[in-house]
Amino acid sequence: MNLSTIDLRLLSADEWEVFRRVRLRALADTPQFFGSTLAEAQARTEADWRAALTDRAQFVASADGVELGTVGGIPDPERGGIHLISMWVAPEARGTGVADLLVRAVLDWAAAGGHTEVRLEFADGNVPAERLYLRNGFVRTGVSDFVRPGEPTLEYEMVHKL
């Protein structure tokens, strides 16, 4: 895959169907790595999807009209900075650099907004995600929690100082 042919764009609320399609695919593909479930996402209304896109910057990478990945950035009102969320790359695009493009999009968006740090969590056992974040300048903070309440999988926090 040639990265120069990748279209990376920020979704508007009117593109809620694109976000829904990509998010449902992500939750079906790797449910163990997300805090929300496929059933929860399937139950969301058009208004819910539109509202989500007004509260965040949600980027989508695609090639030849096929969505290859997504990532979001949302302000963190409690600690300041930006929270990187909803990161996912389609199986056919893994290892091609698409993930790095998506992470960089959030880092650039955060910096352009005057933010000084970006935080995220990744699930225990998701070694490719940790490697992705490390090579993009994130470091573990030492904070961990459960991916979802009542389930045993831990997630680890990382931060990138801009």
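**Exercise 1. Two aromatic residues**

Task: In this predicted model, are Y133 and F138 buried or exposed? Then classify their ring pair from the angle between the planes.

Solution. 
- Step 1. Y133 and F138 are both buried.
- Step 2. Their ring centres lie 5.7 Å apart. The cut-off for a pair is within 6.5 Å.
- Step 3. The planes make 65°. Over 60 degrees counts as edge-to-face.
- Step 4. Y133 and F138 therefore form an edge-to-face pair.

**Exercise 2. A pair across the chain**

Task: How many aromatic pairs does the structure hold? Which parts of the chain does the pair of F122 and Y156 link?

Solution. 
- Step 1. The count of aromatic pairs is 3.
- Step 2. One of them joins F122 and Y156, at 5.7 Å centre to centre. Their planes are 45° apart, and the pair is tilted.
- Step 3. F122 sits in strand β5 and Y156 in strand β7. They are 34 residues apart, so the pair links distant parts of the chain.
- Step 4. F122 and Y156 are each buried.
- Step 5. Elsewhere, R44 lies over the face of W49, at 5.0 Å from the ring centre.

**Exercise 3. The sheet and its helices**

Task: What is the strand order of the sheet? Which strands are at the edges? Which helices lie on these strands?

Solution. 
- Step 1. The sheet is open and has 7 strands, in the order β1-β2-β3-β4-β5-β7-β6. Its pairing is mixed.
- Step 2. β1 (7-10) and β6 (139-146) are the edge strands, each pairing on one side only.
- Step 3. On average, neighbouring strands are turned by 25° against each other, direction ignored.
- Step 4. Take one pairing. β4 (residues 82-89) and β5 (residues 117-123) run parallel, joined by 2 bridges. I82 has V118 in β5 as its bridge partner.
- Step 5. Helix α4 (residues 98-112) packs on the sheet and touches β1, β2, β3, β4, β5 and β7. Its direction makes about 160° with that of β4.
- Step 6. Helix α5 (residues 127-135) lies across β4, β5, β6 and β7. It runs at about 165° to β5.

**Exercise 4. Checking a helix**

Task: What span should helix α1 have, at 1.5 Å a residue?

Solution. 
- Step 1. α1 covers residues 16-29, which is 14 residues.
- Step 2. Multiply 1.5 Å by one less than the number of residues.

Notes:
Residues are numbered from 1 along each chain as its sequence is written. This is a predicted model: local features need pLDDT of at least 70, side-chain atom pairs count only at pLDDT 80 or more; totals for chains, interfaces and linings use all residues. Side-chain values use heavy atoms; hydrogens and water are left out. Two strands pair if DSSP finds at least two bridges between them. Helices (H or I, at least four residues) and strands (E, at least two) are DSSP runs, numbered from the N terminus. Axes are lines fitted to C-alpha atoms, for helices over the stretch in contact, and angles run from 0 to 180 degrees between N-to-C directions. Contact means heavy atoms within 4.5 Å. Rings of Phe, Tyr and Trp (its six-membered ring) pair if their centres lie within 6.5 Å; planes under 30 degrees apart count as stacked, over 60 as edge-to-face and the rest as tilted. Buried means under 20% relative accessible area, exposed over 50%, partly exposed in between (1.4 Å probe, protein chains only). A charge sits over a ring if NZ of Lys or CZ of Arg is within 6 Å of the ring centre and within 35 degrees of the ring normal.
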